[in-house]
Amino acid sequence: MGLACHIAKIHREASVERNAWELKQYIEELYWGSGKRVLLLRHSKGGVDAAAALAIYSSALKDKVAGLALVQSPYGGTPIASDILQASVAPGVLSTIYHVAHVELPWLPLPCFSNDELDSGQVGRKVPVVIPMAAAMAICALHLRFRYGEKSDGLVTCRDAEVRGSVVVQPDQKLDHAWISSGKKDTDDPDAFEMCEALFTLLVEIGNAKQERVEG
């Protein structure tokens with residue numbers, strides 16, 4: 001497509017305000033280095049950071065950014081974040097996830113050493129279990145569906161990911177929140193590279209169509 005691709009080194013744990021400033025600096029660096037406007041593709045919180053950059057520094061960036069694609073970004077927030085924050089005062093909110101993440105074994109003969117002697121007792125043990133990312137996303141999706149009646153990708157609801165007035169793309173495949181970094185394991189899995197290229201293509205086509213209307 002004749003596009004030069006760059007990856008912004010942004011700390012995902014940093015505040016939105018901090019990342020908005022970092023993105024503003026990076027966009028200006030790319031623009032002044034190439035003389036070309038920038039297309040942004042941002043996933044999850046990265047989309048919120050980018051939207052904040054364009055809002056806070058609109059006067060500086062309006063002529064330097066050609067388009068923005070938000071991929072599963074919690075533009076309207078996410079109930080999961082609120083539930084986690086409330087969990088300290090309302091532990092029952094995420095009780096379903098907790099019970100799945102910790103399995104109670106009815107009895108397990110675990111050795112314990114006392115006075116250098118082996119002692120085996122049939123006692124209950126609660127042990128942590130490692131859950132694959134896809135399974136964790138499925139559990140969160142069920143939580144959001146049952147508690148709020150909202151469809152989601154496991155972290156962000158469909159409604160909160162949409163920006164009013166934007167072009168909305170809804171894939172036929174069910175994609176959890178981690179698909180973009182999970183990699184393609186078989187032919188039925190979505191290809192993140194192809195999906196991102198398709199989104200960039202759509203951005204370019206929309207930009208060209210708008211430019212033709214302005215010139216016409």
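Over the ring of which residue does the charged end of lysine 24 sit? The ring belongs to tyrosine 57, and the charged end of lysine 24 is 5.7 Å from its centre. A charge counts as over a ring if NZ of Lys or CZ of Arg is within 6 Å of the ring centre and within 35 degrees of the ring normal.

This is a predicted model, in which local features need pLDDT of at least 70 and side-chain atom pairs count only at pLDDT 80 or more, while totals for chains, interfaces and linings use all residues. Residues are numbered from 1 along each chain as its sequence is written, and side-chain values use heavy atoms, with hydrogens and water left out.

**Overall make-up**

The protein has 9 helices and 4 strands. Helices (H or I, at least four residues) and strands (E, at least two) are DSSP runs, numbered from the N terminus. Read from the N terminus, the order of elements is α-β-α-α-β-α-α-β-β-α-α-α-α.

Of the 216 residues in the protein, 27% are buried. Buried means under 20% relative accessible area, exposed over 50%, and partly exposed in between, with a 1.4 Å probe and protein chains only.

Contact means heavy atoms within 4.5 Å. Among contacts with a separation of 6 or more, 63% are between residues 24 or more positions apart.

**The largest nonpolar core**

A nonpolar core is a set of buried Ala, Val, Leu, Ile, Met, Phe, Trp, Tyr and Cys residues joined through side-chain atoms within 4.5 Å. The largest one has 14 residues, of which Leu23, Ile27, Leu40 and Leu61 touch the most other members. At least two residues of this core come from each of helix H1 (16-34), strand S1 (38-43) and helix H2 (45-56). H1 gives the largest share, 4 residues. Not counting residues up to four places away in sequence, leucine 23 touches Ala8, Ile10, Arg42, Asp49, Ala50 and Ala53.

**Single residues**

Serine 73 is in the loop between strand S2 (65-71) and helix H4 (79-86). Beyond four places in sequence, the contacts of serine 73 include Arg42, His43, Val156 and Asp160. Leucine 142 belongs to helix H6 (residues 133-148). The C-alpha atom of leucine 142 is separated by 9.9 Å from that of aspartate 153, 11 residues apart along the chain.

Relative accessible areas for several residues are given here.

| Residue | Relative accessible area | Class |
|---|---|---|
| Serine 73 | 1% | buried |
| Cysteine 196 | 16% | buried |
| Tyrosine 31 | 19% | buried |
| Leucine 142 | 47% | partly exposed |
| Tryptophan 32 | 63% | exposed |
| Cysteine 5 | 68% | exposed |

**Aromatic pairs and cysteines**

The whole structure contains 2 aromatic pairs. In one of them, tyrosine 31 and tryptophan 32 are edge-to-face, 5.1 Å centre to centre with 75 degrees between the planes. Rings of Phe, Tyr and Trp (its six-membered ring) pair if their centres lie within 6.5 Å; planes under 30 degrees apart count as stacked, over 60 as edge-to-face and the rest as tilted.

A search of the whole structure finds 0 disulfides, a disulfide being a pair of cysteine sulfur atoms within 2.5 Å. For cysteine 5, the nearest cysteine sulfur is that of cysteine 196, 9.7 Å away.
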